[in-house]
Amino acid sequence: MIEARHLRVLRAVATTGSFSAAGRELGCTQPAVSQQMKALETSVGTPLLVRNGREMRLTQAGEALVRHASGILAGLTAAEEEVAAIAGLCAGRVRLVSFPSGSSALVPTALAALRAAHPGTRVSLEEAEPPKSVELLRAGDCDIALAFRYEGAADAEEWDDLVVRPLLTDRLVGLVPERHRLARAESVALGELADEPWIAGCPRCRGQLVQACEKAGFTPRIDFATDDYPAVVGLVGAGLGVAVLPGLAVESVRPRGARTVVLEPAVRREIVALTLSDLAQVPAVAATLEQLGRAARRA
């Protein structure tokens with residue numbers, strides 16, 4: 001196996017023409033240069049130098065190795081510089097996957113702060129709901145996944161194999177038309193909406209809605225279902241039904257014609273940033289996680 005330090009010695013010997021001169025150039029002794037050259041010749045299994053008194057010349061193998069050494073050492077130097085830039089957050093990239101309300105409420109603040117602190121770090125963003133986002137992380141298709149799970153949900157996803165950074169707890173709110181009989185109530189029991197037509201959100205939120213309603217003693221009549229939160233708000237605002245949405249989702253949409261109401265008992269979801277244990281040690285990933293945590297504290 002050829003080592004980079006041996007190649008540097010060989011190149012110095014070829015350039016200067018002697019072990020002593022190579023030692024002066026490299027800042028080491030003549031015996032040290034001789035030992036390095038012997039180790040290199042042993043490694044490649046053939047002589048690299050022919051010594052004739054004070055004269056020294058390269059063998060054919062030595063000439064070939066010197067010819068390749070410059071490119072190899074230049075490549076190593078470039079690699080060392082690039083890795084140092086990444087480690088120092090002067091460069092690097094992070095692939096982030098987030099669910100829509102996280103993308104609108106947490107990600108912009110976090111990425112703006114990250115860019116201000118480390119302008120050389122680039123972050124790409126893709127949207128996916130859990131469990132798809134978590135699957136992308138485990139498959140190596142992203143570096144950080146923003147995800148959520150509902151408190152007490154029967155199908156709560158397990159994240160034991162991942163690094164979990166808790167961000168915030170998001171309470172669900174009721175959404176009713178502004179002229180609804182309960183629009184100005186201080187709080188609303190879910191059962192009070194049992195006879196209303198419902199507008200449901202994403203599949204996972206839809207499942208949680210059905211579970212919560214069944215605990216309250218009824219099955220919701222879902223007239224409309226859409227993954228688009230502004231569409232949910234618009235349908236409620238038009239008087240076509242009521243809905244339950246995460247607080248973050250409502251914050252990112254102007255609820256024209258609709259009012260939010262406090263639901264009792266409270267339904268909450270835990271919002272986290274997930275990554276793999278090895279990725280958590282990467283400086284750019286660690287910095288992104290830190291900024292997501294700060295953005296969540298301000299949310």
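Biologist: Which residues in helix 6 meet helix 11?

Modeller: This is a predicted model. Helix 6 covers residues 107-117 and helix 11 covers residues 283-298. On the helix 11 side, the contact uses Ala 287, Thr 288, Gln 291, Leu 292, Ala 295 and Arg 298. On the helix 6 side, the residues are Thr 109, Ala 110, Ala 113 and Leu 114.

Biologist: How many residues in the contact of helix 6 with helix 11 are nonpolar, polar and charged?

Modeller: Leu 114 and Leu 292 are among the residues that meet here. The contact divides into six nonpolar, three polar and one charged.

Biologist: Are helix 6 and helix 11 perpendicular or oblique to each other?

Modeller: Their axes lie 8 Å apart, at an angle of about 130 degrees. Angles of 65 to 115 degrees count as roughly perpendicular. Helix 6 and helix 11 are therefore oblique.

Biologist: Is the crossing of helix 6 and helix 11 left-handed or right-handed?

Modeller: The two helices pack with their axes 8 Å apart. Their crossing is right-handed.

Biologist: Are helix 2 and helix 3 perpendicular or oblique to each other?

Modeller: Helix 2 spans residues 19-26 and helix 3 spans residues 30-44. Their axes come within 8 Å and cross at roughly 105 degrees. Angles of 65 to 115 degrees count as roughly perpendicular. Helix 2 and helix 3 are therefore roughly perpendicular.

Biologist: Which residues of helix 2 and helix 3 make the contact?

Modeller: By class, this contact has four nonpolar, four polar and no charged residues. Helix 2 brings Phe 19, Ser 20, Ala 22 and Gly 23. Helix 3 brings Gln 30, Val 33, Ser 34 and Met 37.

Biologist: Which residues in helix 2 meet helix 1?

Modeller: Helix 1 (residues 4-16) and helix 2 have axes that come within 8 Å and cross at roughly 120 degrees. Helix 1 uses Arg 8, Val 9, Ala 12, Val 13 and Thr 16.

Biologist: How many residues in the contact of helix 1 with helix 2 are charged?

Modeller: Arg and Glu count as charged. By class there are seven nonpolar residues, one polar and, as charged residues, two.

Biologist: How many residues apart in sequence are the parts that Asp 143 and Arg 95 tie together?

Modeller: The side chains of Asp 143 and Arg 95 meet in a salt bridge, 3.1 Å from N to O. Asp 143 lies in the loop between helix 7 (132-138) and strand 5 (144-150), and Arg 95 lies in strand 3 (residues 93-98). The pair therefore ties together parts whose separation in sequence is 48 residues.

Biologist: Which strands hold Arg 149 and Glu 270?

Modeller: Arg 149 and Glu 270 form a salt bridge, with the closest N and O atoms 3.2 Å apart. The pair ties together parts that are 121 residues apart in sequence. Arg 149 lies in strand 5, and Glu 270 lies in strand 12.

Biologist: How many salt bridges does the structure hold?

Modeller: Arg 171 and Glu 264 form one, with the closest N and O atoms 3.1 Å apart. Arg 171 is in strand 6 and Glu 264 in strand 11, so the pair ties together parts 93 residues apart in sequence. Shared partners also join Arg 165, Glu 290, Arg 294 and Arg 297 into one salt-bridge network. The number of salt bridges in the structure is 13.

Biologist: Which residues is Gly 62 in contact with, leaving aside neighbours within four places in sequence?

Modeller: Gly 62 is placed in helix 4 (residues 60-87). At 0% relative accessibility, Gly 62 counts as buried. Its contacts are Leu 10 and Leu 48.

Note on methods. Residues numbered from 1 in each chain as written. Predicted model: local features only at pLDDT ≥ 70, side-chain atom pairs only at ≥ 80, totals over all residues. Heavy atoms only, no water. Axes fitted to C-alpha atoms, helices over the stretch in contact; angles between N-to-C directions. Helix = DSSP H or I, 4+ residues; strand = E, 2+ residues; numbered from the N terminus. Parallel < 35°, antiparallel > 145°, perpendicular 65-115°, else oblique. Left-handed = near helix turned anticlockwise from the far one by under 90°. Contact = heavy atoms within 4.5 Å. Salt bridge = Lys/Arg side-chain N within 4 Å of Asp/Glu carboxyl O. Buried < 20%, exposed > 50% of the residue type's maximum accessible area, 1.4 Å probe, protein only.
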